[in-house]
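Please open the structure in your viewer and keep the selection tool at hand. The stops below may be followed in order.

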Amino acid sequence: MKLCEFLRPASLPAAYGQLRDLGPRGMILAGGTALHFMQDHTPVTAVDITRLGLSGIRAEDGGYVIGATTPLADIQRYRAPRWAMHEICRRIATHQIRNVSTIGGNIARVFPWADMPVALLAMDASMRIYAGPDAPEETPSADEYFAEQPARRFLGGKILTSVRVPALLAHEGYGSVKVVRTAAAFSMVTVAAVLKLDPASGAIRAARVAAGSAIPFPRRLPEVEDALLGKEPNEALFLEAASKADAPWRGKEGMTAEYSKHLAEVSIADALADAARHALERAE
Ligand SMILES: Cc1cc2nc3c(=O)[nH]c(=O)nc-3n(C[C@H](O)[C@H](O)[C@H](O)COP(=O)(O)OP(=O)(O)OC[C@H]3O[C@@H](n4cnc5c(N)ncnc54)[C@H](O)[C@@H]3O)c2cc1C
């Protein structure tokens, strides 16, 4: 992108109006770190949304609402009961990048290496989208939102305003694995899982498992989830369930597709083991 002009609206309706009027010549700017990856040189006007009061994290109705312009570093530092989003954030890029990158920027245009979508799919998050002063707010679930590249949703001036992440319940645990070659490298595979255990039998009552990076676009793995339900959590089950993952694993950075699949299966099993351990610790 070639930034030719810079606007700093003072309200959501003003930002929406500017973006709608600009059409394809306008672009939302949050942290600005993704400009580096957008190689075309189309001249655009940047509409800065960082002064619209969309930053911060608050507890609300059994969950947490993360403002769209909240930097990843703030999510990494945040601590609260039944909260796990710091786990994935601490593994994204470097401190400097996390200080600037926002959650909204990470999930409004999903790059193949994006980690937040994987965690948000596992956590059953939902998004809040401002669609203009006369339209109702849109609140797609993570499953709906990540069913295709979300950037298409925002072409008409809509703005992602926040992300709602449910608090983990009793007997529910979260686990995630990100495999990288070096500390700040892009992910080779990212996996996240939430397991709910039955308090009486200890069996797996519910499971959400998602993967990204080693596949073209982040997605849930329902075949892994189905293989877990009603079973006693243990290492053998996790490996067996992981082997059911039916995703278009692709080779990259010197890895064959076959190795990518192996890495993903081992990572899924590890994320499930972490989630089960976490769930066992959380009796309340
Ligand atoms: C060197 C480097 C390494 C990185 N490594 C990783 C990594 O390993 N894992 C990872 O997950 N991320 C990584 N990132 C971050 C990621 O690639 C993006 O750069 C970042 O998440 C974008 O956030 P931003 O706030 O800077 O968004 P911006 O660059 O400001 O915007 C990104 C896109 O989203 C749109 N947008 C932004 N906010 C909104 C909104 N509220 N509503 C609608 N549209 C919006 C913009 O118009 C633009 O199209 C890395 C970044 C860099 C520079």
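Predicted model: local features only at pLDDT ≥ 70, side-chain atom pairs only at ≥ 80, totals over all residues.

**The domains.** Begin by selecting residues 2-48, which form domain 1, then 57-166 for domain 2 and 172-281 for domain 3. Colour each of these domains separately. How far apart are the C-alpha centres of domain 1 and domain 3? The distance between these two centres is 37 Å.

**The loop with R82.** Next, select α2 (72-77) and α3 (86-89); R82 is found in the loop between them. The phi angle of R82 is positive, about 60°, although this residue is not a glycine.

**The loop with H171.** Move on to the loop between β7 (159-166) and β8 (172-179), where H171 is located. H171, likewise not a glycine, has a positive phi near 65°. Its class is partly exposed, because 19 C-beta neighbours lie inside 10 Å of H171.

**The sheet.** Now display β8, β9, β10 and β11, which make up an open sheet of four strands in that order, with antiparallel pairing. Which strands stand at the edges? They are β8 and β11 (219-220); each has a single partner strand, so one side of each has no neighbour in the sheet.

Finally, select strand β10 (residues 204-212), which is antiparallel to β11 and joined to β11 by two bridges. Within this pair, select A210 and its bridge partner in β11, R220.

Definitions and conventions: Residues numbered from 1 in each chain as written. Buried ≥ 20, exposed ≤ 12 C-beta atoms within 10 Å, placed from the backbone. Domains from an automatic or database assignment. Pairing = 2+ DSSP bridges.
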